[in-house]
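Thanks for coming, everyone. Let me put the structure up, and then I'll walk you through it.

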Amino acid sequence: TAVKYTRTLSWKSGTPSSLKYGATGTAAVDVSGSGGTAGTVSYASASTNYLTINASTGALTVAAAGGSSKITATLARTATVKQVTVETTISTTKANATFAWKTSGVSSTTANPGGTVNVANYIKDNKGTVTYKIATNGTTTASSLSGSTVTVGAMSTTDDNNQTVTVTCTDPGNSNYNGTSLTFTITATKYTRSLSWTDATPSSI
């Protein structure tokens, strides 16, 4: 009885069980055993709408988050070595949120009573439609919000201390990216006036 040689395929330790959208990875196998002349290894993905794989290198590309794909590695049969196949399942997950301040570290501004601040001018890289909400309405007469624009309310008539308005900006993300929230701070400060003595003011009488 003539029997072909066999090989054993095992997934390398670096083969991921999950991969984030936008990340890279490789699914690859080790081939063990001896005798005869073994064929080449090829790779295939069952659900390419979620995960594609390079047939020869095993390089992975996430097409969409929120799913999984069965990855198959096949050692081709030859005249002396049997065909061998192994499978693994890799899931695809959402990437980290990209929502950020347009200028790094600039998450606040100052404004006078009645002044307006368009908070949308301070953010970037949202993946969904951003919503805005006044979290701390610190002015004596409540500040108001229309879309992404805050109108600063009137301030105290009994002191000249600055007051604070904070706005929560929320990006819901999308099917491939997680969402997150940022907090924008507006320091409400009163207008100032300068006083100067008139020329008619005597220095002595």
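Ground rules. This is a predicted model, so to speak of local features we need pLDDT of at least 70, and side-chain atom pairs count only at pLDDT 80 or more, while totals for chains, interfaces and linings use all residues. Residues are numbered from 1 along each chain as its sequence is written, and side-chain values use heavy atoms, with hydrogens and water left out.

Sheets, then. Helices (H or I, at least four residues) and strands (E, at least two) are DSSP runs, numbered from the N terminus. Two strands pair if DSSP finds at least two bridges between them. Strands of a sheet pair through backbone hydrogen bonds, either parallel or antiparallel.

Now strand 8, residues 67–75. How much of strand 8 is buried? Seven of its nine residues are, so the strand is largely enclosed by the rest of the structure. Buried means under 20% relative accessible area, exposed means over 50%, and partly exposed is in between (1.4 Å probe, protein chains only).

Strand 8 has two antiparallel partners to look at. Five bridges join it to strand 5. Among the pairs, Ala44 is bridged to Thr72 of strand 8, and Val41 to Leu75. Towards strand 9 (residues 84–93), strand 8 makes nine bridges. One of the pairs there is Thr74 with Thr85.

Three strands, open, order 12-16-15, antiparallel pairing. Strand 12 (116–118) and strand 15 (144–146) are the edges, each with pairing on one side only. Three bridges tie strand 15 to strand 16 (residues 149–151). Ser146 finds its bridge partner in strand 16 at Thr149.

On to the rings. Rings of Phe, Tyr and Trp (its six-membered ring) pair if their centres lie within 6.5 Å; planes under 30 degrees apart count as stacked, over 60 as edge-to-face, and the rest as tilted. By that rule we get four aromatic pairs.

Take Trp11 and Tyr43. Their centres are 6.4 Å apart, with 40 degrees between the planes, and the pair is tilted. It links distant parts of the chain: Trp11 is in strand 1 (residues 8–11), Tyr43 in strand 5 (residues 41–45), 32 residues apart. Trp11 is partly exposed at 22% relative accessibility. Tyr43 is buried at 9%.

Now Tyr122 and Phe184. The ring centres are 4.6 Å apart and the planes sit at 45 degrees, so this pair is tilted. Tyr122 comes from the loop between strand 12 and strand 13 (123–124), Phe184 from strand 18, and 62 residues separate them. Tyr122 is partly exposed at 21%. Phe184 is buried at 0%. Ring pairs also bring in Trp101, giving a cluster of Trp101, Tyr122 and Phe184.

Phe184 leads us to Thr166. Contact means heavy atoms within 4.5 Å. Leaving out residues up to four places away in sequence, Thr166 touches Lys133, Ile134, Ala135, Thr136, Thr183, Phe184 and Thr185. Thr166 is in strand 17 (residues 163–171). Buried or exposed? Thr166 is buried, at 12% relative accessible area. Its side chain makes a polar contact of 2.8 Å with the side chain of Thr136. A polar contact is a pair of N or O atoms within 3.5 Å; within protein, one must be able to donate a hydrogen and the other to accept it, and residues adjacent in sequence count only if both atoms are side-chain atoms.

Last one: Tyr177. It lies in the loop between strand 17 and strand 18 (180–188). Tyr177 is buried, at 19%. Beyond its neighbours within four places in sequence, its contacts are Tyr21, Lys94, Ala95, Asn96, Thr98 and Lys127. Which residue lies over the face of Tyr177? Lys127, at 4.5 Å from the ring centre. The rule for a charge over a ring: NZ of Lys or CZ of Arg within 6 Å of the ring centre and within 35 degrees of the ring normal. And Thr158? Tyr177 and Thr158 are 19 residues apart in sequence and 48 Å apart in space, C-alpha to C-alpha.
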